[in-house]
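Let's walk through this structure together, one piece at a time. Please have the sequence at hand as you look.

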Amino acid sequence: MTSKQGIDESIITPAFNDIDIQIPSDIVFERVVRESAVFVAKYLGFDEERVADLQLAVSEAVTNAIEHGNNSDINIKAGVKFFVKNGQLAVQVSDLGHWVDATAKVETAGDNLDIEERLERNFTRGMGIFLIEKLVDNIEVKSSSQGTEFTMWFNLNKNSQSQSPISFNIELQKAEQNLN
Amino acid sequence: MTLKVEQGNEFTIIHIQNDSVDATSAKEISGIKDRMNQTTIMDFGPVMFINSAGISALLKLVIEARKQGKKLYAVNVTAHHRKVFEMVDMLRYMPIAKMEDLLPLIKA
């Protein structure tokens with residue numbers, strides 16, 4: 001049975017309420033979120049491969065937030081929110097950084113990955129986004145001078161055998177706008 | 001110590017002993033480039049998680065091996081990590097093998 005929103009309502013999702021995690025911006029705490037992501041994915045019934053996909057995508061997004069968004073300043077927190085909406089699990093990672101050219105960063109992340117060239121440029125952030133792009137169903141970026149919200153969406157009614165094209169929703173907000 | 005290195009005349013086996021290959025273990029992986037041998041085997045036995053920081057360190061290592069004319073193989077790689085290695089073109093530099101298939105190389 002499909003709803004007006006195109007959601008398969010025959011999928012039974014366990015009861016879920018938002019989970020908010022705040023971690024200090026030191027890379028050692030990335031693991032806190034990574035392990036939480038595994039728990040959430042298993043709880044929601046993801047198969048083993050999708051659990052691993054989600055774990056890696058979350059790790060990459062949180063690493064970006066810590067290292068690039070918050071410049072590894074342990075006094076600044078990176079935020080991670082897990083929530084379920086419209087038949088999808090969303091993982092929203094927030095930091096204080098501003099993606100000046102977010103559209104270009106995401107859209108070019110998967111362009112003909114020449115790994116040697118990327119390594120020579122030390123372009124590891126590009127690799128992280130490249131991996132996220134391969135592993136998630138949708139990406140949404142909201143960025144302003146106040147900070148960035150990077151949201152990854154994972155369809156709940158999907159297993160590792162059914163791959164669908166990713167879509168992006170990138171919104172660069174004006175400097176004076178708040179993220180909230 | 002996250003790595004255990006087993007050295008022979010013509011081979012090196014690098015046993016990764018952590019469950020994660022990430023930013024924390026990347027520095028140690030980068031440090032073993034001078035210990036590679038003609039045949040070098042990376043054993044991913046206990047590894048449950050690899051991210052881009054770990055992949056970058058591994059890629060630097062395998063590209064260095066290629067520059068030095070050395071052969072690098074990966075063993076005990078999970079299906080998920082095989083998929084990720086394929087995504088980042090790692091297998092071009094470090095094919096996945098079974099340990100038993102490599103035994104003739106290290107016993108030669």
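The buried residues of α1(B) pack against β3 (20-21) and α2 of chain B; packing here rests on contacts, meaning that C-beta atoms, placed from the backbone, lie within 7 Å. Helices (H or I, at least four residues) and strands (E, at least two) are DSSP runs, numbered from the N terminus. Helix α1 of chain B spans residues 23-30, and its buried residues are B:A23, B:S25, B:A26 and B:I29. They sit on the same side of α1(B) because they cover an arc of only 150° around the axis, the arc being that of the directions from the helix axis to the C-beta atoms. Buried means that 20 or more other C-beta atoms lie within 10 Å of a residue's own; exposed means 12 or fewer, and partly exposed is in between, with C-beta atoms placed from the backbone.

A word on where this comes from: this is a predicted model, in which local features need pLDDT of at least 70 and side-chain atom pairs count only at pLDDT 80 or more, while totals for chains, interfaces and linings use all residues. Residues are numbered from 1 along each chain as its sequence is written, and chains are lettered from A and ligands numbered from 1 in the order in which they are written. The pLDDT is the predictor's confidence in each residue, from 0 to 100. For chain B its mean is 89, and 97% of the residues reach 70 or more. The model as a whole scores ipTM 0.88 and pTM 0.84.

Now turn to the place where the chains meet. Here 15 residues of chain B are in contact with 17 residues of chain A. On the chain B side, α2 (52-67) and α3 (79-87) each supply at least two residues, and the largest share, seven residues, comes from α2(B). By class, that side has nine nonpolar, four polar and two charged residues. Nonpolar covers Ala, Val, Leu, Ile, Met, Phe, Trp, Tyr, Cys and Pro; charged covers Asp, Glu, Lys and Arg; the others, Gly among them, are polar.

Finally, look inside. The largest nonpolar core has 68 residues, and A:I132, B:V62 and B:M90 are among those with the most contacts inside it. Such a core is a set of buried Ala, Val, Leu, Ile, Met, Phe, Trp, Tyr and Cys residues joined through C-beta atoms within 7 Å. Helix α2 of chain A (residues 48-69) gives the largest share of this core, ten residues.

Methods. Two residues are in contact if their C-beta atoms, placed from the backbone, lie within 7 Å.
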